[in-house]
Structure formats: structure tokens, C-alpha cells
Amino acid sequence: MKTMNVQSHVSRLLDNDTINQNLPISSLVEKVLERKEGSLTSTGAVRATTGKYTGRSPKDKFIVEDEETRDTVEWGPVNQPISEEKFVNLLQKVTDYLVDQDELFSFKGFAGAEEKHRLPIQVVTQYAWHNLFANQLFIRPTLEELSNHDTEFTVISAPQFKADPEVDGTNSETFIIVSFSHGIVLIGGTEYAGEIKKSIFSVMNYILPEKKDVLPMHCSANVGAEGDVALFFGLSGTGKTTLSADPNRRLIGDDEHGWSQNGVFNIEGGCYAKCVNLTEEKEPQIYNAIRFGSVLENVGIDETTGLPDYDDTSLTENTRAAYAIDNIDNIITPSKAGHPNTIIFLTADAFGVLPPISKLTKEQAMYHFLSGYTSKLAGTERGITEPEATFSACFGSPFLPLPAANYAKMLGEKIDQQDVDVFLVNTGWTGGSYGEGSRMKLSYTRAMIQAALEGDLNSIDTKEDEIFGLSIPTTCPGVPSDVLQPRKTWTDGDAYDQKAKELATKFHENFKKFDYVTSDIAEAGPKYKG
């Protein structure tokens, strides 16, 4: 009966005469302006604001608990359960609300550039600018693909509909609910467009490993002239976007990928880039990709000239630009390539104690993949006065419906199968902690990554770090040798030892939650154990 109810609600919504289906970009831009949802900037991009929600709402995310998910999803603070009854009731309310709107917008497209593993999706939105966002971020269908499109997952976005927590079983007026059994994502109470993008990534993080034996990854990827593929994992502020944008290598994708039996493919058709303090000099690819059809989210704008002010953080520091990947010149089309040759884990260690580059064994790779370490800096959030260690499993724990160890196991198997080189690269501090040392020179980091990608470090002797157990190259082209050994960059070796032991202890404390992993992985962390 519940399945019948869900189908009837969805049919009532999708058969509505007010739906605009796969409008061209120019028409969507016209709708945005006509409906006063946003304004046109001098770049040709649409600028919209998102009200009080300028980022994701992790505490408002739910997964419907049913026979499909009960024994597969890792339930907890990230994956909160909600009953099917509550979901169906809320779906009815949202449908009733949306069918009364003057017009709605629908985009049919795909997630996944590899045809065998792609997910046909439909995004139904109350706002025209949200549909323009979907048009930029997901893979657009050809006319033939559109005529044969058989939707498997539908995103329904009603930002102005607010839930009643006491009745609807939510934590607030905002909700992002995924039903894997019914193939629906239901979003309400938030205008932040990133929820649309990340909800589909969460869906792919469930479907790809569970049903297609494909590893989903929160990483960027590029390919060299010889076809060699590199993956870049890293949390916010580690340099993932900057370092994967290499003029000598073509971009596969910026943020989300799958690794199948055939190789790596982009899950998305666009990029959702942070643009706070964006300049053409620092990020020319992103800067020049923002053009007609792109979406600027919460970016300041000069009302007279229409010029975007990327330094304006009056609404949020999380200002964003959404644009199609083909707005970037140096890309590979379609967005897929062979198996990775090199994997780079990026961390911005504000404690200044991790080596700038170290080569990892398979077990160390799985350990650091599960750890997903970087650090928040003093001043970046209210109340943070000292660098703060941050761990996010698989460099994307908010988007993982399954146990983190499932993804790590798949990664370890693929590293073995393809004989992949894995490196941990610290783009953070050297010569001392944040406030005393200095940020690692970008030129040094680029030189180390280039050496890793070209295989130059494979024949160089390494020295084992006594505290972290990492294998540090003794030399690297273009990098002073002393820089490679972090203790040597500190004026006070004892102070380094103390800070390094503090961070090693944090690694061990965090890893206690993975008490189910095999001993060889658990022992691949820092050698110092307190």
C-alpha cells in the first residue's frame, strides 16, 4: 500500500501541466530573472542567494529505514533513520504543496560518465535557479537519451516548504530524506543548492559498491599525456582543486568519481567550486569557467556594474560557483580514463609535524583513507583558538551510507590489483605549528607531486619517520632536502617531538571507532602509541 501511495504521489507531481521539462539554459536564465529568483552578473552567470542556510544541514539528513536499508546502512549521527510512514506522509504534503505552484522545473540527466554504471536521474524543483544548478552539475542527455530516459532516482526540492518536526519526525523545518527503495530524495526547508548535488553523491555511494562493484570516491582526478591517471583526495583547504588543475594534465573531474573494472569516471557533469577570494591570477580555470549559464551562490555583487565581488563574505565564506565541466578547456571528454597509477592523499597539517610527502604501503593507505585527516585553523570557526585535528572517514564521511571499512576494503583491493603508488602529501605547515611556522610553499608541493606522478620517487631512498612510521624520500627534485624531514625544519626538536606525539595520539583516538578492521591496517598508523 505504501509503494502504491508513493507512486501515486510522484505521478501526480510529474504529470502536472505546470512542469517545465529540460528547458535550455537560456530559457532557465530567463525564468530566473522573470521570477526574480536571482540576477545576471557581468560574467553572464546567474547570482542567487540562499537565505539562512548557506551550507549543508547534516543534522537534517535522513535515510528511510526499511527492508532495503535496515542491515546495510551504517546507522548513526551521519545516517539517521526515519520510518517509511513518516517519509510517505511528508512526500504527500510536499506533493500537495508543489502541485499548487504556478510552475515547476524538471531536469532529466545522468550521474556517472561511464554508461554501464550511470544513474538516470530526474531533479524536480520549485526554483528555476535550482534547475539551472542541476543542469550545470549533472550530465546532460542528448536528445536521443532524453527520449529514452528511464528515471531511477528522483530528487524533489521544495525549499519554501517547511516541516513540522513534532508531526513529521524531523529535527527542524529542514529535511533531506533518501528512500533507496522508492528511488526518491525529498528536500525541503533549505534553499542551499548543494543539498541537491550531495544527495545524489550519497545515493551513488550506496548504489555503486552495493549493486555495481564500483568504488565511489570523493576526489578530483586528472590524466597525463601518456594516459597515466592520478587521484587527489583531500578535505576542504588541502589544495585538492588547485593541485589537480595542472596545465600539463587534463581534468577528468573536480569532486566525485567512480572506480570500476574499466577505470575511473566522473560522477558529475560540472563543478561546484568554492570562490571566496577568487582571482584570475590564482585560479584562472575556475575564474574563466564562470560564464553564461553558470550559477553564483551567495557571492557579493555590485548592483551598478553587475561585477561579482569574490572577496565579499557578508553572506557566508562558503560562496560557490556551479558550472559545466566543458567550461574548462583542459578536460578529457567523455569524463573517464583508465585505472589510476598514482593516488595522492592531501592533508593541511596545521601542527607542522607530518612530512611534506611520504610513500604509503597498501595498509598505510587504507589506514589514512579511513582516517581522512586534516586540521581546522584558528579563526576559521568561532571558538577555535588553536589548530584542531579533523578526521573524516574516506575524506567524505557525511556522504557514506555504508560502513567506512567497506570503501577502504575496495580501495585496498584495487591498489593491489592495479599496483598503484600512494602518497600522503602535507600542504600545511613546516618549521612549526600554525602561528609559528609557515605554509608549505606551493612550488615545493607541486614539485613533489610532479615527482610522484612521474615515478621519480620510486627509485629514491627513504627514511622512516620514528613517530608516524611513514617512509620519507631523502631527496626530491626541486625541493631542499631539509624540507622533506619536518623535524629538521623546527628550531626546537623537542617541541617538534611533543607536537608530533600529540597528533599521533589523536590519530589513535580517532581510529578506535574502526575496531572491526584487520590488525594489519590498525597497526599501519603512527608508531608512537603513548
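Author: With a term: a salt bridge is a side-chain nitrogen of Lys or Arg within 4 Å of a carboxyl oxygen of Asp or Glu. The model here is predicted. Across the interface of domain 1 and domain 2, the rule finds 0 salt bridges.

Reader: Which residues does the assignment give to domain 1 and domain 2?

Author: Domain 1 takes in 1–37 + 62–212, and domain 2 is 271–327. Their centres, taken over C-alpha atoms, lie 26 Å apart.

Reader: What is the area buried between domain 1 and domain 2?

Author: The size of an interface is often given as the accessible area lost when the parts come together. For domain 1 and domain 2 that area is about 1,000 Å², with 66% from carbon and sulfur atoms. In residues, 13 of domain 1 contact 12 of domain 2.

Reader: Which helices each supply at least two residues of the side of domain 1 that touches domain 2?

Author: Helix H2 (25–34), helix H4 (128–137) and helix H7 (194–211) do. H4 gives the largest share, 5 residues. By class, that side of domain 1 has 8 nonpolar, 3 polar and 2 charged residues.

Reader: Which strands form the open sheet, and in what order?

Author: The order is E2-E3-E17-E20-E16, with mixed pairing. Strand E2 (39–40) and strand E16 (270–274) are the edges, each pairing on one side only. E16 runs antiparallel to strand E20 (residues 320–324), joined by 5 bridges. Gly 270 has Ala 324 in E20 as its bridge partner.

Terms used:
Residues numbered from 1 in each chain as written. Predicted model: local features only at pLDDT ≥ 70, side-chain atom pairs only at ≥ 80, totals over all residues. Heavy atoms only, no water. Domains from an automatic or database assignment. Contact = heavy atoms within 4.5 Å. Buried area = accessible area lost by both parts, 1.4 Å probe. Helix = DSSP H or I, 4+ residues; strand = E, 2+ residues; numbered from the N terminus. Nonpolar A, V, L, I, M, F, W, Y, C, P; charged D, E, K, R; others polar. Pairing = 2+ DSSP bridges.
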